[in-house]
Amino acid sequence: MSRPILWMVAAPFLYWCSAAPAGTGDAAVGEDLANRYCIACHGPGGSGSGPVPPLAGMPAEALVRTMQLIRSGDRESATMGQLSATMTDQQFVDLGAYFSNLDPVVDALEAQRLHHVSARVCQWCHEDVYEQWSGSMHARSTALSDPIHELMYRQEVGDPRAENQVHQRAQTYPVCLQCHAPNAAQDGVTKLDAMAAYAEGVNCVACHRISGYKGVRREGGGLRLGLLAYETSSVLQGPKGYPFDQVRTPDSPHTGNPHIDKLDAFGQRVSASLPLEASPRILRTSELCLGCHHLRPNPQGVPLCATGDEFEASGAQVTCQSCHMPVVNGIAHHGMGGGHDNAMLARAVLLTVDLEPTLDGVRAHVVLQNKLPHKMPTGAPFRNVQIQVTALDDKGRILWQNYQQHAQKEAPEAYLFYQLADDQGQPAMPPEATQVGIDTRLDPHERRTISYDLPFRPAFVRAEMFYNLVFEGMKPRVLELTDDEELLQPRRMAFYETRYRP
Ligand code: HEC
Ligand code: HEC
Ligand code: HEC
Ligand code: HEC
Ligand code: HEC
Ligand code: HEC
């Protein structure tokens with residue numbers, strides 16, 4: 001592909017006129033600006049694209065003066081006039097510092113900078129998906145924005161704003177970032193506020209450049225987790241089967257590649273700066289999720305999360321997307337709810353109560369039917385559920401409850417949790433555990449009945465399930481890291497009340 005290098009012609013002229021740029025530029029600020037405002041047209045890393053000239057390697061002063069000329073209207077630019085009008089000299093200088101420091105790019109596809117593209121770029125044209133994603137845990141997957149993750153990250157690694165952090169036990173690059181901040185992991189960086197695309201965690205390009213799944217288990221035993229389990233592309237991957245090179249035109253609104261919709265003056269196809277490849281084999285299957293969600297053992301090999309193993313054991317034929325990305329208003333919803341999402345939790349378990357008369361009272365059968373092809377609760381090892389069972393008289397007064405304070409001691413049959421243990425079998429936190437202690441969670445599709453004999457005849461029996469993101473003992477420490485008081489409140493995920501009819 002030949003690229004017009006317009007600035008080489010323009011630059012000498014520009015040096016003769018206009019004032020010197022203000023101050024020195026901050027390349028990091030410039031990079032952030034570039035990722036937000038420039039690269040959708042000028043290509044990742046300013047690598048240029050079709051008729052849009054490359055900016056990588058452009059001398060800082062030439063870039064600043066060009067932007068000033070465009071802003072003042074002395075240089076005409078249909079595409080950039082409005083944008084430049086909203087920007088300051090200092091921003092031009094910062095952009096100059098960034099672009100001038102990049103190696104001039106020969107070919108956009110060689111640039112491999114897709115992983116630096118901020119979700120803000122996609123927001124321009126995908127406002128609805130952007131909003132959904134912003135509310136998801138994927139957008140809050142780093143220690144900069146998830147206090148529960150931050151607590152463990154600081155314990156096991158260190159400061160998410162510092163460079164050269166290592167996983168303290170392993171003394172290697174923190175494996176956490178392979179899943180929680182994959183764009184930073186690609187660059188081997190630990191300073192997560194260095195770039196929007198790092199701080200955004202699992203952002204658009206983190207998923208939409210995944211082109212294949214290698215599996216998390218390496219030949220010979222080891223594991224490759226998160227980003228390392230995938231093949232990635234320098235071209236965006238989409239779920240539909242668009243031919244890569246077919247232009248979308250008004251005559252073919254549903255077939256052409258939507259990211260290749262420009263024709264040049266001669267009617268030739270012009271590649272977009274963010275070309276898109278058809279990749280339904282990965283985007284429409286669970287494999288897209290498994291590299292990050294399959295399993296994760298701690299350094300002693302004890303499984304912390306194993307949603308993928310659970311899913312495989314269930315023999316389910318559905319995909320993760322079928323539940324976690326329902327189609328809403330014609331597009332796959334990117335909110336991807338889980339334990340943080342009350343509406344999602346409400347769909348997990350079918351909870352019912354049957355009452356059977358006995359000689360002097362009733363036997364209450366509380367039936368839990370896990371609707372999911374993974375455990376309930378699944379995921380992080382400190383998720384837990386308590387099932388509160390209450391008998392009431394016909395005035396609604398409480399006659400009996402299966403526990404008062406907490407189910408763990410008072411009604412262990414009504415406590416669904418996963419506890420890791422040390423060598424002595426004592427409860428241990430995820431990093432230190434050497435074995436699985438207790439696992440009372442519901443298995444995939446499991447139907448479980450918990451029965452209570454009541455020596456009296458109540459008017460009503462009520463069952464409620466309360467979901468907790470973390471164990472009680474962890475709550476004070478998490479609350480030191482957040483102002484969100486709702487976060488750790490128990491959530492009532494299911495409720496069923498039945499009247500006793502003799
Ligand atoms: C909507 C697409 C678009 C966006 C966004 C955009 N540009 Fe451009 N840019 C162009 C096109 C097309 C040209 C070439 C034609 C022209 O000069 O208008 C160009 C030309 C330039 C040039 C002149 C290069 C030369 O060789 O003369 C500079 C400098 C430049 N852009 C910088 C930027 C910067 C910095 C940003 C972000 C703040 C940006 N552009 C955002 C489309 C865009
Ligand atoms: C300049 C506008 C524009 C920008 C910027 C843009 N897109 Fe798109 N994209 C579109 C349009 C238009 C469609 C077609 C939508 C449709 O078919 O309804 C599309 C479709 C898609 C699709 C669906 C393709 C398929 O196979 O179904 C994906 C995935 C996608 N974009 C991802 C992204 C990502 C990720 C980014 C940011 C890195 C991005 N887009 C930035 C305009 C844009
Ligand atoms: C966790 C991974 C993940 C993230 C993060 C992600 N996507 Fe997607 N995206 C998918 C998957 C999977 C599909 C395909 C869903 C399907 O068709 O079943 C998809 C589909 C799409 C589509 C096509 C929707 C449709 O139904 O036609 C667009 C457009 C899109 N994504 C844009 C984005 C944008 C923009 C962002 C960032 C704001 C983003 N995606 C973030 C995984 C992701
Ligand atoms: C690049 C790695 C990666 C990929 C790919 C990925 N995820 Fe995630 N996902 C994460 C991380 C990391 C979190 C946890 C964020 C946190 O809580 O700090 C997460 C969180 C979630 C949650 C929310 C859990 C909660 O606490 O509420 C759900 C649900 C989820 N992902 C589903 C999916 C599905 C479905 C797919 C595939 C379509 C997918 N993810 C693909 C890394 C990934
Ligand atoms: C039948 C619908 C369904 C399917 C299929 C499904 N899930 Fe879920 N998933 C749910 C529901 C409902 C929840 C909320 C209950 C819970 O947290 O266990 C959930 C919770 C989660 C969570 C949240 C864990 C946490 O820590 O908060 C993750 C992660 C997750 N699912 C990943 C996946 C992955 C990966 C797949 C595919 C391998 C998948 N799910 C398939 C319905 C489904
Ligand atoms: C293989 C991918 C992967 C790796 C590696 C990984 N995580 Fe996670 N982590 C996830 C996913 C996916 C979730 C969310 C869904 C779930 O609960 O399973 C998550 C959730 C968490 C949570 C719960 C967050 C919340 O909001 O409740 C914590 C804490 C956490 N991880 C800490 C860490 C730490 C610390 C490391 C590094 C030592 C790490 N993780 C490494 C994938 C990973």
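## Backbone features in loops

His-445 is placed in the loop between strand S16 (435-439) and strand S17 (447-454); helices (DSSP H or I, at least four residues) and strands (E, at least two) are numbered from the N terminus. The model is a predicted one, in which local features need pLDDT of at least 70 and side-chain atom pairs count only at pLDDT 80 or more, while totals for chains, interfaces and linings use all residues. Residues are numbered from 1 along each chain as its sequence is written, chains are lettered from A and ligands numbered from 1 in the order in which they are written, and side-chain values use heavy atoms, with hydrogens and water left out.

Although His-445 is a residue other than glycine, its phi is positive, near 60°. His-445 has a relative accessibility of 39% and therefore counts as partly exposed (buried is under 20% relative accessible area, exposed over 50%, partly exposed in between, with a 1.4 Å probe and protein chains only). Gln-171, also not a glycine, has a positive phi of about 55°. Gln-171 belongs to the loop between H10 and helix H11 (176-180) and, with a relative accessible area of 55%, is exposed.

The peptide bond between Met-376 and Pro-377 is cis, with omega about -10°. Pro-377 is part of the loop between strand S12 (362-370) and strand S13 (384-392).

His-138 lies in the loop between helix H9 (127-134) and helix H10 (147-156), and His-293 in helix H16 (residues 287-293), so the two histidines tie together parts that are 155 residues apart in sequence. With a relative accessibility of 43%, His-293 is partly exposed.

His-208 counts as partly exposed at 23% relative accessibility, whereas His-334 counts as buried at 17%.

Ligand 3 is surrounded by 22 residues, each with a heavy atom within 4 Å of the ligand; Cys-204, Cys-207, His-208, Arg-284 and His-334 are the closest. Polar contacts (pairs of N or O atoms within 3.5 Å) involve several side chains. Arg-284 places a polar side-chain atom 2.7 Å from an oxygen atom of ligand 3. For Lys-240, a side-chain N or O atom is 3.0 Å from an oxygen atom of the ligand, and for His-334 a side-chain N or O atom is 2.9 Å from a nitrogen atom of the ligand. H9, helix H14 (204-208) and strand S10 (331-332) are the elements that give two or more residues to this shell.

## Surroundings of ligand 5

The shell around ligand 5 holds 25 residues, the closest being Cys-320, Cys-323, His-324, His-374 and Arg-383. A polar side-chain atom of His-374 is 2.8 Å from a nitrogen atom of the ligand. Arg-383 has a polar side-chain atom 2.7 Å from an oxygen atom of ligand 5, and the backbone of Gly-339 has a polar atom 2.9 Å from an oxygen atom of ligand 5. Two or more residues of the shell come from each of helix H17 (307-314), helix H18 (320-324) and helix H19 (342-345). H18 gives the most, three residues.

## Surroundings of ligand 6

Around ligand 6 there are 22 residues, and the closest are Asp-146, Cys-176, Cys-179, His-180 and Ala-380. A polar backbone atom of Ala-380 is 2.7 Å from an oxygen atom of the ligand. Arg-383 has a polar side-chain atom 2.8 Å from an oxygen atom of ligand 6. An N or O atom in the side chain of His-340 is 3.4 Å from an oxygen atom of ligand 6.

H10, H11 and H16 supply at least two residues each to this shell, and H10 gives the most, with five.

Technical notes: Polar contact = N/O pair within 3.5 Å; in protein donor to acceptor, adjacent residues only side chain to side chain.
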